[in-house]
Amino acid sequence: MEIEIATIGGYQEVGRNMTAVRAGDDIVVFDMGLNLSQVLIHDDVRTEQMHSLDLIDMGAIPDDRVMSELEGDVKAIVPTHGHLDHIGAIGKLAHRYDAPIVGSPFTIELVRQEIEDESKFDVDNELIKMEGGETMEIGDEVDMEFVHVTHSIVGAVSPVLHTPEGAVIYGLDKRIDHNPVLEDPFDMERFRELGDEGVFAYIEDCTNAGRKGRTPSESLAREHLRDTLKSFEDYTGGIVATTFSSHVSRVSSLVEFAKEIGRKPILLGRSMEKYTNTARDLGYPIPDDLEIYGHRRSRERAFKRIMNEGKGNFLPVVTGHQGEPRAMLTRMARDETPFKFDEGDKVVFSARVIPEPTNEGQRYAAEKLLKMQGARIYDEIHVSGHLREEGHYQMLDAVRPDNIIPAHQSLSGIAPYVDLAESKGYTVGEDLHISRNGNIVQLNE
Ligand SMILES: [Zn+2]
């Protein structure tokens, strides 16, 4: 059976991921992501109202025109998890394909909201929920399985196409976490089994391939967070925490530890509301009485209550960990909310600065403004969601693929992974395929 892999987006950058695999006459599209930095660089761009071709020209969404070169039918669109660089272009591209969107329940719920927010196109693809461990039929000779993986958002999977040539694993994004928070451990056993059964091709997440060692477990970030908040137990002033609002496990840890130090957690910000309510609706253990305020008026009221009843009684968990200009923490730093910092108040960043000039500049500014108001900064209480070098080594040992396609990085970001794969006996141009956006990798005739 002919196997071709169209490397559509995310092969020259971190962002706008999209890959299509053709196995015989059947095509499956993995991810349709947005490169948010290409949007934010322009002032006042409203992507909801923009046309796909304009967004493609901006480099914001994948240029899927290469799809016309693949001969076959698209049978499914498969987002691996709910991060925007994997689902953020679905509203702009999915309607062009007559195929269902298949993902884990949490991912599909976020996709549904993404489609509702889209105002330029009508996206009416069927939405199908499938859990890790489950399999569906794609064509006469092709099935798709979801393997449960761990990442910095719940409900992440690695989809596997079972073809007569062997398995094709789409391995974006993951870290090997044996002790995660709120969900099952990484399914290493299944990857080993797949390796034993024969893996024809493996598409890998190279985001952190250049970092040495292994990525620690979310349970480590959780203990770091607990330790930090415990150290404030006797502090009676203001404490504010910020993290990725999509990182439900981390938000849930913050809520738990707020209570341990005798404070009432209050979640503030539109995206905090979106992700936390979605998780709660799907049965993740978010307390029913947790206070979450997304809209401006309700946030203002909550801030006023915090100031009236005493900052020492509360732990506001807010958006703005990257210093995003319109996020809550940045507004608080600019003194645009009723919340007032006093000398010595604590600000906890349970996040790492995404190494990108726009983020770095915005985060620097936000931190500076907070410090000018007397706040003390507790930074980098975080672990990454992506494999580092030793995680990649372990995955190659387990999966032993015939072919490797590195993804999710620029050319320089892929280089450390290429070095590792070469040390494991792979050869560039033979079984190690370095691609660029818009190419088709032909794996057999
Ligand atoms: Zn991700």
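Mentor: Start with a cut-off: a residue is buried if 20 or more other C-beta atoms lie within 10 Å of its own, exposed if 12 or fewer, and partly exposed in between. Keep in mind that this is a predicted model.

Trainee: Fine. Is Leu182 buried, exposed or partly exposed?

Mentor: Leu182 is partly exposed, because it has 16 C-beta neighbours inside 10 Å. It sits in the loop between β10 (166-171) and α6 (188-197).

Trainee: What about the phi of Leu182?

Mentor: Leu182 has a positive phi of about 75 degrees, although it is not a glycine. Arg16 is also not a glycine and has a positive phi of about 35 degrees.

Trainee: Where is Arg16, and why does it count as buried?

Mentor: Arg16 lies in the loop between β1 (3-9) and β2 (18-23). It counts as buried because 31 C-beta neighbours lie inside 10 Å.

Trainee: And Met18, which element is that in?

Mentor: Met18 is in strand β2. With 26 C-beta neighbours inside 10 Å, Met18 counts as buried. Leaving out residues up to four places away in sequence, Met18 touches several residues, including Ile8, Val29, Met32 and Pro62.

Trainee: How far is Met18 from Thr80?

Mentor: Met18 and Thr80 are 62 residues apart in sequence, and their C-alpha atoms are 11 Å apart in space.

Trainee: Changing topic. Where does UniProt put binding sites?

Mentor: An unreviewed UniProt entry gives the feature "binding site" at Asp85, His86, Asp173 and His408. These span 324 residues in sequence, yet no two of their C-alpha atoms are more than 10.5 Å apart, so they gather at one spot.

Trainee: Take Asp173. Where is it, and what does it touch?

Mentor: Asp173 is in the loop between β10 and α6. It counts as buried, with 26 C-beta neighbours inside 10 Å. Not counting residues up to four places away in sequence, Asp173 touches residues that include Thr80, His151, Asp205, Gly385 and His408.

Trainee: Which other residues does UniProt mark as "binding site"?

Mentor: The unreviewed entry also places that feature at His382, Val383, Ser384, Gly385 and His386. Ser384 is in the loop between β17 (376-378) and α13 (389-399), and Gly385 lies in the loop between β17 and α13.

Trainee: Ser384 and Gly385 next: buried or partly exposed?

Mentor: Ser384 counts as partly exposed because it has 17 C-beta neighbours inside 10 Å. Gly385 is buried, with 24 other C-beta atoms within 10 Å.

Trainee: You mentioned β17. What is the strand order in its sheet?

Mentor: The sheet is open and has six strands, in the order β14-β13-β15-β12-β16-β17, with parallel pairing. β14 (291-293) and β17 are the edge strands, each pairing on one side only. The twist averages 20 degrees from one strand to the next.

Trainee: How many bridges join β13 and β14?

Mentor: Strand β13 (residues 264-268) pairs with β14 in the parallel sense over three bridges. Leu268 has Tyr293 in β14 as its bridge partner.

Trainee: Which residues make the contact?

Mentor: On α6 they are Met188, Phe191, Arg192, Leu194 and Gly195, and on α13 they are Met395, Ala398 and Val399. By type, the contact of α6 with α13 has six nonpolar residues, one polar and one charged.

Conventions:
Residues numbered from 1 in each chain as written. Predicted model: local features only at pLDDT ≥ 70, side-chain atom pairs only at ≥ 80, totals over all residues. UniProt positions renumbered as here; feature names shortened; annotations may be inferred. Helix = DSSP H or I, 4+ residues; strand = E, 2+ residues; numbered from the N terminus. Pairing = 2+ DSSP bridges. Axes fitted to C-alpha atoms, helices over the stretch in contact; angles between N-to-C directions. Contact = placed C-beta atoms within 7 Å. Nonpolar A, V, L, I, M, F, W, Y, C, P; charged D, E, K, R; others polar.
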